[in-house]
Amino acid sequence: MHWTDTHCHLDAPEFDADRAEVLARARVAGVTQMVLPAVEVANFAAVRALAHANGHAYALGIHPLYVDRADDGDLDRLRDALAANHDDPRLVAVGEIGLDHFVPGLDRERQARFYSAQLVLAREFALPVILHVRRSADDLLRQLRRIVVPGGIAHAFNGSEQQAQAFIDLGFRLGFGGALTFERALQIRRLAQTLPATVPVLETDAPDIPPQWLYRSAEARARGERARNEPAELPRIAATLAALRGWTLEQAASITAANAILALPRLAALGSSPPGAGTRR
Ligand SMILES: [Zn+2]
């Protein structure tokens with residue numbers, strides 16, 4: 001079985017000490033394709049280099065939580081990077097972009113401006129987008145109706161059925177990950193169970209969104225214990241999706257891999273990364 005982790009921040013500092021081992025564990029687990037979204041101009045080169053070194057894919061964009069420290073010229077730098085890499089088959093999307101209305105103290109107006117500008121770039125370069133959706137689905141959808149892009153993924157989706165349908169109507173797939181593994185995540189589980197089979201894609205968002213079996217209690221976190229998610233967890237997360245849908249694990253692997261290609265068509269040409277591909281720290 002081969003799995004595609006459609007959202008993994010493999011370049012994050014959390015992996016600096018053992019990135020090669022993390023990649024090796026992913027391969028052993030059958031996670032042979034990954035999409036590495038960028039978060040700011042400063043990590044564009046890193047996600048690109050990692051994707052090339054390991055046979056994976058990447059996206060370029062400015063994450064809503066990084067908008068406050070970005071300067072306006074960064075949108076021009078993103079445009080230049082998209083132009084320079086547009087013929088690179090491993091560049092599969094503009095991302096991670098979006099709106100975060102959960103984290104307090106962010107400049108919403110600035111987030112909205114960066115989001116819209118990046119949708120315009122996705123449209124210009126005919127690339128799908130990887131969306132960060134956090135208490136912001138309706139505002140994201142409003143701009144998507146105005147600036148039409150070639151679909152993509154609403155990552156870590158946690159909205160209503162109506163909002164899910166609105167993303168689907170605009171050609172989007174929805175990303176499911178560690179949150180799905182919590183029994184109390186009733187709304188996410190209901191969506192994962194009932195949405196059309198062509199909709200769910202799998203993701204870890206590693207090192208974030210640890211699944212239930214890696215989760216640390218508030219007390220443990222207060223003691224400094226931190227859970228780190230990694231792409232090798234994907235098949236076990238997928239088992240939750242398979243159980244909810246009544247799929248075998250094999251079906252879950254093939255259906256979600258096909259959905260990932262529907263969302264990010266350039267993945268089709270990449271296939272699975274060669275097992276012997278070199279790793280780098
Ligand atoms: Zn992310």
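Trainee: Which does Arg110 count as, buried or exposed?
Mentor: The model is predicted, so local features need pLDDT of at least 70 and side-chain atom pairs pLDDT 80 or more, while totals for chains, interfaces and linings use all residues. Residues are numbered from 1 along each chain as its sequence is written, and side-chain values use heavy atoms, leaving out hydrogens and water. Buried means under 20% relative accessible area, exposed over 50%, partly exposed in between, with a 1.4 Å probe on protein chains only. Arg110 has 16% relative accessibility, so this residue counts as buried.

Trainee: Which residue meets Arg110 in a salt bridge?
Mentor: A salt bridge puts a side-chain nitrogen of Lys or Arg within 4 Å of a carboxyl oxygen of Asp or Glu. Here the N to O distance is 3.2 Å, and the partner of Arg110 is Asp72.

Trainee: How many residues apart are Asp72 and Arg110?
Mentor: Helices (H or I, at least four residues) and strands (E, at least two) are DSSP runs, numbered from the N terminus. Asp72 sits in the loop between β3 (57-60) and α3 (73-85), and Arg110 in helix α4. The pair links distant parts of the chain, with a separation of 38 residues.

Trainee: How far apart are the closest N and O atoms of Glu124 and Arg79?
Mentor: Glu124 lies in helix α4 and Arg79 in helix α3, 45 residues apart. Glu124 is partly exposed at 42%, and Arg79 is partly exposed at 34%. The two form a salt bridge, and their closest N and O atoms are separated by 2.1 Å.

Trainee: How many salt bridges does the structure hold?
Mentor: One of them joins Glu225 and Arg223, at 3.2 Å between the closest N and O atoms. The structure's total is 16.

Trainee: Within what arc do the buried residues of α5 fall?
Mentor: Helix α5 spans residues 137-146, and its buried residues are Ala137, Leu140, Leu141, Gln143 and Leu144. The arc is that of the directions from the helix axis to the C-beta atoms. The buried residues line one face of the helix, because seen down the axis their arc is 165 degrees.

Trainee: Which exposed residues does the face of α5 turned away from its buried side carry?
Mentor: The buried residues pack against β4 (91-100), α4 (108-124), β5 (129-134), α6 (161-169) and β7 (172-176), contact meaning heavy atoms within 4.5 Å. The face turned away from them carries the exposed Arg145 and Arg146.
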